[in-house]
Amino acid sequence: MEMVPPWRINDLLDRAENGPIILERDFDLKIFVKKLREVIKTYDIRFDPEDLVPHDDSLADSVWKAAWDLYLEVGTYCVDTHRRILFEEEEIKEAMSLFPEKIWVGSGKDTRELYHRQIEDGRKPFCVFSPSLPFSEELFLPAQMAFMQEPLADGAGAPEYIRISGRDNRTRGPFEIQAAQAHAGMIREAARRAGRPGIYLADVQSAVSDAAQIAASNPDWGVRLTDGRMVGTIAELKISNWELNKMVHFHQSGYLVMALFGPMYGGYCGGAEGVAVVNVASHLQGLMVNQGHMDVDFPFDIRYGNNTSRELLWATSVTWQALARNTPFMSMSNGMAAAGPCTEMVLCEAAAHGLVSTVSGAHLWECFAAGNKHQDRTTPMEARIACEVGHAVAKMGMKREDASEIALEMVKRYEKDIPSAPLGKRFQECYDVAKVKPTAEYSNLYRTVKKELQNLGIQFPY
């Protein structure tokens with residue numbers, strides 16, 4: 001397995017302990033926001049609400065240059081030590097030069113290749129089907145199986161295990177350790193039952209703390225070396241000792257590392273332009289600080305918990321175009337829909353996100369529903385349509401201009417409903433839980449929306 005080496009871990013940790021000291025609020029307002037506004041103005045980056053998949057390469061390159069300038073000056077803030085972690089230009093270029101062309105994840109017949117994608121790439125995107133929301137204890141196993149048994153799933157995330165033996169899973173307590181270990185064992189059991197024993201498992205969502213993640217690290221019954229381990233980022237461009245502890249453990253134990261970040265539209269990033277620039281800059285942090293082999297990026301609107309609006313689809317597109325043209329990174333675009341399962345709206349949102357992300361050069365991590373905050377309110381059907389669209393447009397060799405027209409037409413169908421998006425139905429109302437298959441109602445709705453997508457110009461292979 002070809003793998004990027006960590007960038008001088010001890011040097012990184014020294015900088016987290018001894019870098020320039022600053023108050024967090026001063027970092028946010030005097031360093032981060034000030035520089036972000038400056039680079040947006042310098043490179044004349046402007047959001048166009050009528051062109052959601054821009055085909056101007058100079059725009060992607062401008063976003064890249066803005067992100068490069070931003071990260072070189074701002075760096076990463078460690079919230080525990082109140083220090084800035086800063087890098088020289090040559091150091092980042094060195095780390096990028098060492099990045100592999102591809103890596104392999106999973107094992108046995110479920111082994112899959114992950115590679116850097118290009119704009120309008122004809123190769124299919126790597127697809128992670130992930131619920132990632134809290135699920136009832138009794139639904140955990142069938143919900144996990146439902147996502148893993150999807151044919152297009154190259155990997156699978158997991159529900160959050162919020163109760164263990166009827167008791168709350170409290171972070172930093174002994175029940176979190178129990179929940180993390182039970183969670184790791186149960187997702188392995190779900191994989192066996194779904195006929196995917198070696199499938200790439202993307203994370204143990206129930207293990208929030210560093211101690212719980214370490215407790216789940218056991219290749220016999222828990223997380224294997226071919227699975228993914230998550231090192232998260234605090235918005236915007238921040239890290240904690242908690243996450244650095246995970247990073248050190250994962251690398252010293254030989255695990256695959258995913259850098260996770262979610263810039264906030266409406267927060268310190270401001271609008272779509274700021275989100276795009278910070279998205280790309282976060283990938284540089286993912287390389288240098290989170291020390292990731294791959295990236296998972298979920299920009300989102302802090303009001304509605306989605307990234308399927310015009311503004312965020314545009315930011316998604318220019319982010320991955322900038323990364324495709326200027327980096328070797330392997331990055332997954334994480335979809336977040338405002339509407340809940342078994343609604344036409346959620347399927348349109350998921351399809352729009354899969355379309356825009358794939359044509360722009362991203363892999364797919366799909367799909368959080370119902371604003372990513374309601375228990376049991378997500379199913380594999382949302383991820384299925386996003387990934388089927390991704391596979392279809394890659395095979396078609398769809399151009400950005402065509403993707404932009406289709407995405408704009410889709411957004412027009414649901415954007416007015418984003419502030420009051422329907423909550424939809426719970427997993428157990430959308431699926432036959434015993435047989436782990438979607439209901440006739442949701443299956444019929446799915447086929448209806450898929451036919452509408454065909455009429456818009458997406459050529460599905462079946």
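This is a predicted model: local features need pLDDT of at least 70, side-chain atom pairs count only at pLDDT 80 or more; totals for chains, interfaces and linings use all residues.
Which residues line the second largest cavity?

Residues are numbered from 1 along each chain as its sequence is written, and side-chain values use heavy atoms, with hydrogens and water left out.

Now the answer. The lining is His116, Arg117, Trp320, Leu323, Ala324, Thr327, Phe329, Met330, Ser331, Gly361 and His363. A cavity here is a set of points, on a 1 Å grid over the protein atoms alone, where a 1.4 Å probe fits but cannot get out; lining residues have an atom within 4 Å of a point. The volume is about 50 Å³. Helix 10 (residues 310–326) gives the largest share of the lining, three residues. Helices are DSSP runs of H or I, at least four residues, and strands are runs of E, at least two.

Next, helix 1, residues 9–18. Its buried residues are Ile9, Leu12, Arg15 and Ala16. Buried means under 20% relative accessible area, exposed over 50%, with a 1.4 Å probe and protein chains only. Asn10 and Asn18 are exposed, on the face turned away from the buried side.

Last, glycine 198. It sits in the loop between helix 6 (174–193) and strand 11 (200–201). At 5% relative accessibility, glycine 198 counts as buried.

How values were computed:
On a 1 Å grid over the protein atoms alone, a cavity is a set of points where a 1.4 Å probe fits but cannot get out, and a pocket is an open set with protein on both sides within 12 Å along at least five of seven lines; lining residues have an atom within 4 Å of a point. Grid points are joined across faces, edges and corners, and a volume is the space filled by probe spheres set on the points.
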